[in-house]
Amino acid sequence: MSKLGNLGARLHRGEVGYDFVKNRKIWYGISILITITAIVGLAVRGLNMGIEFQGGAVFTTGKTSVSVSQAEEYAEEASGHDAIVQKLGNGDDGSLRIQVAGIDTERADQIKDTLAEDMKVDPESINAELVGPSWGDQIANKAWQGLGIFLILVVIYLAIAFEWRMAVAAFVALIHDITITVGIYALVGFEVTPGTVIGLLTILGYSLYDTVVVFDSLKEQTRDISKQTRWTYSDIANRSINSTLVRSVNTTVVALLPVAGLLFIGGGVLGAGMLNDISLSLFVGLAAGAYSSIFIATPLVADLKEREPQMKALKKRVLAKRAQGGDQDEPQTGHSDDEAYDDVAPAVVGPRDQSAARTRGRGRPSGKRR
């Protein structure tokens, strides 16, 4: 078995692990800091909306030797607006795609003629496509409607399949992922296009999947939890995270590799700028989704559950039993279901519990002296 596979098996059995739930305040603080940075970036810089949302014109030239920087200068002088220019094709004589937002039909014809004069090409060789702002408004409205419907259905499903606390935690994690992704777009200045919206909706499904995997494990392991006095809800929540940790990491890495290829190689090295529209939202969203499912969603569920009177009473009994040293081997009498929870021991509960796990693995002492 590989080292990673061996680590995953040991994490699943609770032999090793990290106490994510205990350190949840650290993760909350990190998330709040990142979220505030994203909100500030969004408020200060705003989003660079594409012409699909603002309206404008796209000019496609024939083969030309004019450079991208020269074309940007010509387009900005002719239109009075910022222009986005992309090289189409390979070599120095490729065509150019010039995108200018916020212009109407009359100005588009004038800009086309001015560009042809500056670039010393025939005006008929430049193709102009106009996009009205009303179409962009429709796309934006439908995107918001789709996002709202998705979030409502997610909350309803999780509340039915699991419980309302898990639904709330998943909702917070999804909002966390959306805010970070949108904030990164504002800070980086990438253009927001329909491809960006598609990528954003895609990462929400991925983030939800990763969260539900942990929730399913948590639901199974906390069934009849109040009938034992060995583990608190937070202990078992931590075990659920550790038991699915390697799976989450593997899934995230495998998903990020092709997206990173699109973003850094396709968009950065090869200059296919249109790939950035969807690849950046996927890359940031996948990473944020993996983080939130481990560090936000499950610790938040544990926080909410530990506020219940039943879980408070359980935690009090467990801590009292540990203080008396009754958790080292046999559970104290009066809780016959404790032995059923031996298989779901928390991944990190201290040296005493690890020693007890080793004792159980070797077999119980007979009590006879040699």
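**Entry 1: The whole protein**

What percentage of the 370 residues of the protein count as buried? I looked this up before anything else, bearing in mind that the model is predicted. The share of buried residues comes to 45%. I then noted the secondary structure, which consists of 13 helices and 6 strands. For the accessible surface I recorded about 19300 Å², with 59% of this area belonging to carbon and sulfur atoms. I also looked at contacts between residues with a separation of 6 or more, and 77% of these join residues 24 or more positions apart.

**Entry 2: Helix α7**

I turned next to helix α7, which runs over residues 164-188 and has 25 residues. From its first C-alpha to its last, α7 reaches 36 Å, close to the 36 Å expected at 1.5 Å a residue. What follows α7? I found glycine 189 there, with a positive phi near 90 degrees.

I then examined a nonpolar surface patch of about 400 Å², made by Trp164, Val168, Phe171, Val172 and Ile175. Valine 168 has its place in helix α7.

**Entry 3: Aromatic pairs**

How many aromatic pairs are there? I recorded a count of 6. One of them joins tyrosine 18 and tryptophan 27, whose ring centres are 6.3 Å apart and whose planes stand at 55 degrees, a tilted arrangement. Tyrosine 18 is partly exposed at 39% relative accessible area, whereas tryptophan 27 is buried at 12%.

I then looked at phenylalanine 162 and phenylalanine 215, which form an edge-to-face pair with 6.2 Å between centres and 70 degrees between planes. Phenylalanine 162 belongs to the loop between α6 (133-161) and α7, and phenylalanine 215 to helix α8 (residues 194-221), so the pair ties together parts that are 53 residues apart in sequence. Both phenylalanine 162 and phenylalanine 215 are buried.

Which residues do ring pairs link into a cluster? I listed Tyr18, Phe20, Trp27, Tyr291 and Phe295.

I selected threonine 298, which is found in helix α11 (residues 276-305). Its relative accessible area is 0%, and threonine 298 is therefore buried. Setting aside neighbours within four places in sequence, I noted that threonine 298 is in contact with Val214, Phe215, Leu218, Ala237, Ile241 and Ser293. Phe215 in that list is a partner in the edge-to-face pair of my previous entry.

Serine 281 also lies in helix α11. With a relative accessible area of 0%, serine 281 is buried. What does serine 281 touch, not counting residues up to four places away in sequence? The residues are Thr181, Tyr185, Thr196, Gly199, Leu200 and Ile203. I checked threonine 181 in particular: its C-alpha atom is 6.2 Å from that of serine 281, although 100 residues separate them along the chain.

**Entry 4: Salt bridges**

I began with a general point, that side chains of opposite charge can pair when their charged atoms come close. A search of the whole structure gave 8 salt bridges.

Glutamate 220 pairs with arginine 223, and their closest N and O atoms are 3.1 Å apart. Glutamate 220 is partly exposed at 49% relative accessible area, and arginine 223 is partly exposed at 45%. I next noted the salt bridge of aspartate 224 with lysine 227, where the closest N and O atoms are 4.0 Å apart. Aspartate 224 is partly exposed at 43%, as lysine 227 is at 44%.

Aspartate 235 and arginine 322 meet in a salt bridge of 2.6 Å, N to O. Why does this pair tie together parts that are 87 residues apart in sequence? The reason is position, because aspartate 235 lies in helix α9 (residues 233-243) and arginine 322 in helix α12 (residues 309-323). Aspartate 235 is buried, with a relative accessible area of 12%, and arginine 322 counts as buried at 17%.

Notes. Residues numbered from 1 in each chain as written. Predicted model: local features only at pLDDT ≥ 70, side-chain atom pairs only at ≥ 80, totals over all residues. Heavy atoms only, no water. Helix = DSSP H or I, 4+ residues; strand = E, 2+ residues; numbered from the N terminus. Expected span 1.5 Å × (residues − 1). Phe/Tyr/Trp six-rings, centres within 6.5 Å; stacked < 30°, edge-to-face > 60°. Buried < 20%, exposed > 50% of the residue type's maximum accessible area, 1.4 Å probe, protein only. Patch = residues over 30% accessible without salt bridge, like charges linked within 9 Å, V, L, I, M, F, W, Y side chains within 5 Å. Areas by Shrake-Rupley, 256 points an atom, 1.4 Å probe, with all protein chains shown as cover. Salt bridge = Lys/Arg side-chain N within 4 Å of Asp/Glu carboxyl O. Contact = heavy atoms within 4.5 Å.
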